[in-house]
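Me: Could you take a close look at the main nonpolar core for me, and at whatever sits around it?

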Amino acid sequence: MRTQTISMENLVELLFLQLEHGCATLAVTGISMLPMLRHGKDLVRLEQLERSPRSGDVLLYRRESGQYILHRVVREEQNGNLWCSGDNQWEKEAVHPNQALAVVSAFCRKGKWYTVDHLGYRLYVWLWVGVFPIRKPILALRRRLGRLRHWIKCQRYRHSCCDGHRSGMIDQAKD
């Protein structure tokens, strides 16, 4: 399969053409939706919004700056305004419903498609949206554990990428 890079303006035109005929498939870029959606590995199927977005929905929306974002609705207000955030973030941003362009209806991970109605996905959404108020310490702990795991591997396997880690640990031990 041939991969081609195109400008965001051209991509948006193609996206809207596809959405007019039902759905569009988009490759995930960026790390803001980790651990659910992985940069360069996963795909999402987008559909036109036929109802008001709800908490847990993943929306494609356009910021006032013109940037296109794929984030999850973490809270909806009585007046219809939304608060969105990436799964790998703890800060939320206000999104007016008019900014929402499409909603994720399915995603592809390791070659297998899952709909947003899949029980495992619904459980993940319920849990991850539910812990939003304490997401910052959870993500900080996850990052620290990842660094510790990397450091342990460096010590065990003497990776060349980890020479700085070993010397840093020696310097800290001297202090």
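Reply: Let's start with the term itself: a nonpolar core here is a set of buried Ala, Val, Leu, Ile, Met, Phe, Trp, Tyr and Cys residues joined through side-chain atoms within 4.5 Å. Buried means under 20% relative accessible area, exposed means over 50%, and partly exposed is in between, using a 1.4 Å probe and protein chains only. Keep in mind that this is a predicted model, where local features need pLDDT of at least 70, side-chain atom pairs count only at pLDDT 80 or more, and totals for chains, interfaces and linings use all residues. Residues are numbered from 1 along each chain as its sequence is written, and side-chain values use heavy atoms, with hydrogens and water left out.

The largest nonpolar core has 20 residues, and L37, V44, L46, L70, V104 and Y121 touch the most other members. Two or more residues each come from α1 (8-20), β1 (23-27), β2 (43-47), β3 (58-62), β7 and α2; these helices (H or I, at least four residues) and strands (E, at least two) are DSSP runs, numbered from the N terminus. There's also a second, separate core of nine residues, with L59, L82, C84 and V103 among them.

Now zoom in on L70. Skipping neighbours within four places in sequence, L70 is in contact (heavy atoms within 4.5 Å) with S32, M33, L37, V44, L46, V58, L59, L60 and V104.

Y121 has an aromatic side to its story. Searching the whole structure turns up two aromatic pairs; rings of Phe, Tyr and Trp (its six-membered ring) pair if their centres lie within 6.5 Å, with planes under 30 degrees apart counted as stacked, over 60 as edge-to-face and the rest as tilted. For F107 and Y121 the ring centres are 5.6 Å apart and the planes sit at 50°, so this pair is tilted. It ties together distant parts of the chain, with F107 in strand β7 (residues 100-109) and Y121 in helix α2 (residues 119-130), 14 residues apart. Both F107 and Y121 are buried, and ring pairs join F107, Y114 and Y121 into a cluster.

For contrast, look at H21, in the loop between α1 and β1. H21 is exposed, at a relative accessible area of 71%. Between H21 and Q48 there are 9.6 Å in space, C-alpha to C-alpha, and the two are 27 residues apart in sequence.
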